[in-house]
Amino acid sequence: MSIQQKNLAVMCALWLFYSFSYSTTYYVSTDGNDSWAGTSSSPWKTFNKAASSLQAGDTAIIKGGTYANQQGAVSRSGQPGKWMTFLSDTLDRAIFEGGSISTTASYVRVQGFRVQNTEIGISISGPNVSHIVIAHNETYNTHGSGICAWGVPWGSNPGTYNYQCITNLVVTHNKIEKACNGGWNECMSLANGIDTFEVSYNELLNGGDPTNGGEGIDPKETCRNGKIFNNYLHNLTRHGIYIDAGQSAGDSYNIEIYNNTVHHMVGEGIALTSEAGSALHDVKIYNNIVYKNGRNGILLYQRAGPMRNFTVINNTTYCNGTTGGYYDGGVHVTDAAIANVTVRNNIAWRNRDYEIGTVTGNVVDHNYTTGNPLFKDTVNGDFHLLAGSPCINAGSITLAPAFDFDNRQRSDGQPDIGALEYYPQSAVFFSKAEKPAAGKNAFVVLRYGVRCPLDLPGDLGI
């Protein structure tokens, strides 16, 4: 290497060091002033002062307290490796009372806030935005969605942007309560051109007045390449996890729904449909626990657009159809026009009208639908198998997931039927969410033996 090349390499290294090392942390407090310096001892007063002042790589810490009627809007983007971070402590939250938080920018994290008694909680809007993390927040009593992401506004055509209006979106470890309270859309709406998304470890509960909406998690109107996993949905006023292709010009496809718990919905637990003319295809539903919902546990229902290529494998459905209605059961595939459906390795027990109902032409095998599967504790929602269960080693390995609801490997070559693999030396199991020890900036979900500590801002892996 020549001297000139060595000098150039040193200069590049120094440039990278200074570019990534020199970032600033600013502070916002209810007793601050936007004319001050934004330091911990001289904080700003408003979220928007921070949003308009941060440079790529900077962090704004919003101190605990109530921020009344602030409409926090992030419009300045970060860069790869230099995110714009807006952070509140989860044990001493910044509470947006009557306000909201929104972003139309890329490489942005919004973490740790509570937004309540307002129109929309937290919103992401495209087009042409990417790499957004919404984590560890709480929303309460929102007229519309608690959290929503719209690639382009409703009625617009995301095809202008190749259906990639929002890309690389992560919504994780949030709590949404009493959303869509007389308003519209869903508790968590993803819509109109979202490509590559993750919705994980969220709790959605206690739905509001479902006059114009109220479903739980709903990727719709051209959402693709997504994963919905380890979410806990209960006591909502419509369906739990709901995917509808809608009327957008583009298909919705390549979505995985797994390791979720859904119970006590007024409607379906998990429902897939094509409400308008667009296609919905290539969706995998596995390792979910779906019980005591008002209608079907898992429903595939074609209304308008084409539907094809679905697998419903290793789920546990129990006691669905609690409110009555017509033909409600554990797993229901309603239409012969839904092409290429596989229903395998599912437990369906004590559902209202039937256990598994499908039309001819589908692949349906290795499901358990008769007799007692020997669950550990159905009253408290613990669906681990007891020793002697007829579901142990009774499943098919074909298309079976490599892991179970507890993220344990199904490694013996003969998987069990249902969401949970039997292990004779199981750990202590939990079925509730609770806060961690004082001093930790985290909210820990404890259910069915899986401890899910919340990642700090730099640990989300994207």
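Leaving aside neighbours within four places in sequence, with which residues is Gly151 in contact?

**Figure 1. Surroundings of Gly151 in the predicted model.** Gly151 belongs to the loop that links β13 (147-150) to β14 (166-172). When its neighbours within four places in sequence are set aside, Gly151 is in contact with Gly126, Pro127, Cys165, Ile166, Ala191, Asn192 and Gly193. Because its relative accessibility is 0%, below the 20% limit, Gly151 counts as buried. Val129 and Gly151 are separated by 22 residues in sequence, and their C-alpha atoms lie 8.4 Å apart in space.

**Figure 2. The open sheet of 11 strands.** The strands follow the order β3-β6-β9-β12-β15-β19-β23-β26-β29-β32-β35, and their pairing is parallel. At the edges stand β3 (65-68) and β35 (347-349); each has a single partner strand, so one side of each is left without a neighbour in the sheet. On average, with direction ignored, neighbouring strands of this sheet are turned by 10 degrees against each other.

**Figure 3. Pairing of β23 with β26.** Residues 232-234 form strand β23 and residues 261-263 form strand β26; the two strands pair in the parallel sense over 3 bridges. Within this pair, Leu233 stands opposite Val262 of β26. Both strands belong to the open sheet shown in Figure 2.

**Figure 4. The largest nonpolar core and the contacts of Leu300.** This core has 68 residues, of which Phe86, Leu169, Ile257, Leu272 and Leu300 touch the most other members. Beyond its neighbours within four places in sequence, Leu300 is in contact with Leu272, Ile285, Phe310, Val312, His332, Val333, Thr334, Ile338 and Val341. In soluble globular proteins, nonpolar side chains tend to be buried together.

Figure 5. Of the contacts between residues at least 6 apart in sequence, 72% join residues at least 24 apart. The accessible surface of the chain is about 18000 Å², and carbon and sulfur atoms account for 50% of this area.

Conventions: Residues numbered from 1 in each chain as written. Predicted model: local features only at pLDDT ≥ 70, side-chain atom pairs only at ≥ 80, totals over all residues. Heavy atoms only, no water. Contact = heavy atoms within 4.5 Å. Areas by Shrake-Rupley, 256 points an atom, 1.4 Å probe, with all protein chains shown as cover. Helix = DSSP H or I, 4+ residues; strand = E, 2+ residues; numbered from the N terminus. Buried < 20%, exposed > 50% of the residue type's maximum accessible area, 1.4 Å probe, protein only. Pairing = 2+ DSSP bridges. Axes fitted to C-alpha atoms, helices over the stretch in contact; angles between N-to-C directions. Core = buried A, V, L, I, M, F, W, Y, C linked by side-chain atoms within 4.5 Å.
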